[in-house]
Amino acid sequence: MRKRDFQLRKQERPGDGIIRIIHEQINLACNICKEYQAHPEESVHEIRKTIKKIRSAIRLLRFSLGEKRFHEENNKFGNISLLLAELRKSDALQDLSLIHI
């Protein structure tokens with residue numbers, strides 16, 4: 001899986017750079033989703049890591065977003081992360097059930 005830089009570029013305004021990073025991380029998560037069939041466990045793990053990065057970047061924008069928008073965006077990605085946690089659990093339970101068959 002391809003890694004992406006999580007840093008501001010020279011001459012880039014911080015707010016613009018953070019928004020760029022968030023978009024890059026969202027695109028990365030979408031691309032990782034395409035690899036789910038081939039590598040389910042690794043894909044879920046990588047997507048969850050990417051969402052953590054997205055949420056940390058959103059926290060940096062908290063005051064410029066305003067509290068309402070901040071909570072909407074943070075909760076949106078938090079909910080995705082919770083769904084992925086359930087998927088990871090179900091994959092793990094399925095693996096355990098196959099061991100006992």
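The following questions and answers walk through a predicted model of a single chain.

Student: Which secondary structure elements make up the chain, and in what order do they run from the N terminus?
Tutor: The secondary structure of this predicted chain comes to four helices and zero strands. Of its 101 residues, 31% count as buried. Read from the N terminus on, the elements run α-α-α-α.

Student: How are α1 and α2 oriented relative to each other, roughly parallel or roughly antiparallel?
Tutor: Two packed helices are described by the angle between their axes and the distance between the axes. For α1, which spans 14-33, and α2, which covers residues 40-60, the axes are 9 Å apart and the angle is about 165°. Angles over 145 degrees count as roughly antiparallel. The two helices α1 and α2 are therefore roughly antiparallel.

Student: What distance separates the C-alpha atoms of proline 40 and leucine 87?
Tutor: Proline 40 is placed in helix α2 and, because its relative accessibility is 28%, it counts as partly exposed. Proline 40 and leucine 87 are 47 residues apart along the chain, and the separation of their C-alpha atoms is 9.6 Å.

Student: Which residues does arginine 88 touch, not counting residues up to four places away in sequence?
Tutor: Arginine 88 has its place in helix α4, which comprises residues 67-99, and at 41% relative accessibility this arginine counts as partly exposed. Its C-alpha atom is separated by 8.1 Å from that of histidine 45, which is 43 residues apart from arginine 88 along the chain. With residues up to four places away in sequence left out, arginine 88 touches Val44 and Arg48.

Student: What share of the contacts in the chain with a separation of 6 or more comes from residues 24 or more positions apart?
Tutor: The reference set here is the contacts in the chain with a separation of 6 or more. Within that set, the share accounted for by residues 24 or more positions apart is 52%.

Student: What is the phi value of glutamine 11?
Tutor: Most residues other than glycine have a negative phi. Glutamine 11 is found in the segment before α1, and with a relative accessible area of 83% it is exposed. Although glutamine 11 is not a glycine, its phi is positive, at about 65°.

Student: Which residue's side chain makes a polar contact with the side chain of glutamate 12?
Tutor: Glutamate 12 is also found in the segment before α1. Not counting residues up to four places away in sequence, glutamate 12 touches Gly17 and Arg20. The side-chain polar contact of glutamate 12, at 2.7 Å, is with arginine 20.

Conventions:
Residues numbered from 1 in each chain as written. Predicted model: local features only at pLDDT ≥ 70, side-chain atom pairs only at ≥ 80, totals over all residues. Heavy atoms only, no water. Polar contact = N/O pair within 3.5 Å; in protein donor to acceptor, adjacent residues only side chain to side chain. Contact = heavy atoms within 4.5 Å. Axes fitted to C-alpha atoms, helices over the stretch in contact; angles between N-to-C directions. Parallel < 35°, antiparallel > 145°, perpendicular 65-115°, else oblique. Buried < 20%, exposed > 50% of the residue type's maximum accessible area, 1.4 Å probe, protein only.
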